[in-house]
Amino acid sequence: MIFPCTLSRRAIGWFGIAVAGVALLPIPAAAQQWPAKPIRMIVPYSAGGGADNAARILAQRLGTTLRVPVVIENRPGASGIIGAQAVAKADPDGYTMLYDASTFAVNPLLRKMPFDPAADLMPVSLVLTVPNILVVPTKGPAADFKAFVAHARAQPDKVSFASYGAGSPAHLAGELLNREARIGMLHVPYKGGAPALADVIGGQVDAYFANAGSALGYVQSGQLKALAVTSRRRMAALPEVPTVAESGFPNFEVLEWNGLFVPKGTPQPIVDRLASEIQAAVRDSETRARLVKSGADPVGGTPIEFTTFIAGQTQRWAQLIKTNKITAD
């Protein structure tokens, strides 16, 4: 469901920090020579997941255009907080970047943060969005999405749905369907997407709003059944699978997203160069094709556009977290 996007104090804080970051300042000599050595791109999630796969595609492209290696470093844990904190504490010299995902906007709403994302990190660019796919076991009782909703409605508090952690897009999508369809699915959090997928395939859990990048192969191989996608339009890779919106819930839309951040204080010329390189990357035919093949929609954009986007995401999910009484437990 699309919620009103009047900017909250948190949103205004994000926007103000971004605007302050573009003030005219002397350009340090180091920034003029950047990049002069390898760059670390920290991904705060496990290797092999949707964000990690996309980060590697982007890193390869950036390494080519910046003419230095861009090295992926996975630092999973605490819903992305461990890796994000490592970048927040890194030197703001352009040689440490954070490739984060949707939980970045939700973590401060659910958890006590060991750092202040708005004050300690600078948004660079939104890289991509990707829908979730509602997947169920191939031998499950529901033949299609409408039958699944009817089945869940007839068995309140008995149908389960997986996620890869409290506050993850998979969790929020399930809670949004609970509210919109007036059903009562039980949330079963996992420590990652891989074990969640495994248990849906095995029938230990009834459903999962899986990231398209991680679930598409299982659907195409017949190991999982796709009932619906959470984007406004159908996925090109699954043209026969309807959207939740066209299946009776016209305002339903959930998109995961990935974006790039740097430590606060990184020289603005470096931030602007990175944003420009990302925009060029998502326009590059080869890079774009690789991202699209994984189910993603490449975006790109400016630091201020990304800052405004994050503010809207935070405000949107804050309302659902409050109404559905969602906690990190």
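Modeller: A helix here is a DSSP run of H or I that covers at least four residues, and helices are numbered from the N terminus. The model is predicted. The part I have picked is helix 10, which spans residues 212–220.

At the start of helix 10, the backbone nitrogen of Gly213 has a side-chain oxygen of Asn211 within 2.6 Å. Further along, the buried residues of the helix are Ala212, Ala215, Leu216 and Val219. These residues lie on the same side of helix 10, because the arc they cover around the axis is only 120 degrees. An α-helix has 3.6 residues a turn, so residues three or four places apart point the same way. As for what they pack against, the partners of the buried residues are strand 4 (121–137), helix 9 (193–202), strand 7 (207–211), strand 8 (224–229) and helix 12 (285–293). Just after helix 10 comes Gly222, with a positive phi of about 85 degrees.

The residue from elsewhere is Arg111, in the loop between helix 5 (103–110) and helix 6 (117–120). Arg111 counts as buried because its relative accessibility is 19%, and the cut-off for buried is under 20%. Its side chain makes a polar contact of 2.9 Å with the side chain of Asn107, and another polar contact, of 3.0 Å, joins it to the side chain of Ser79. Leaving aside residues up to four places away in sequence, Arg111 touches Ser79, Ile81, Ala166 and Ala328.

Note on methods:
Residues are numbered from 1 along each chain as its sequence is written. This is a predicted model: local features need pLDDT of at least 70, side-chain atom pairs count only at pLDDT 80 or more; totals for chains, interfaces and linings use all residues. Side-chain values use heavy atoms; hydrogens and water are left out. Helices (H or I, at least four residues) and strands (E, at least two) are DSSP runs, numbered from the N terminus. Buried means under 20% relative accessible area, exposed over 50%, partly exposed in between (1.4 Å probe, protein chains only). A polar contact is a pair of N or O atoms within 3.5 Å; within protein, one must be able to donate a hydrogen and the other to accept it, and residues adjacent in sequence count only if both atoms are side-chain atoms. Contact means heavy atoms within 4.5 Å. The arc is that of the directions from the helix axis to the C-beta atoms.
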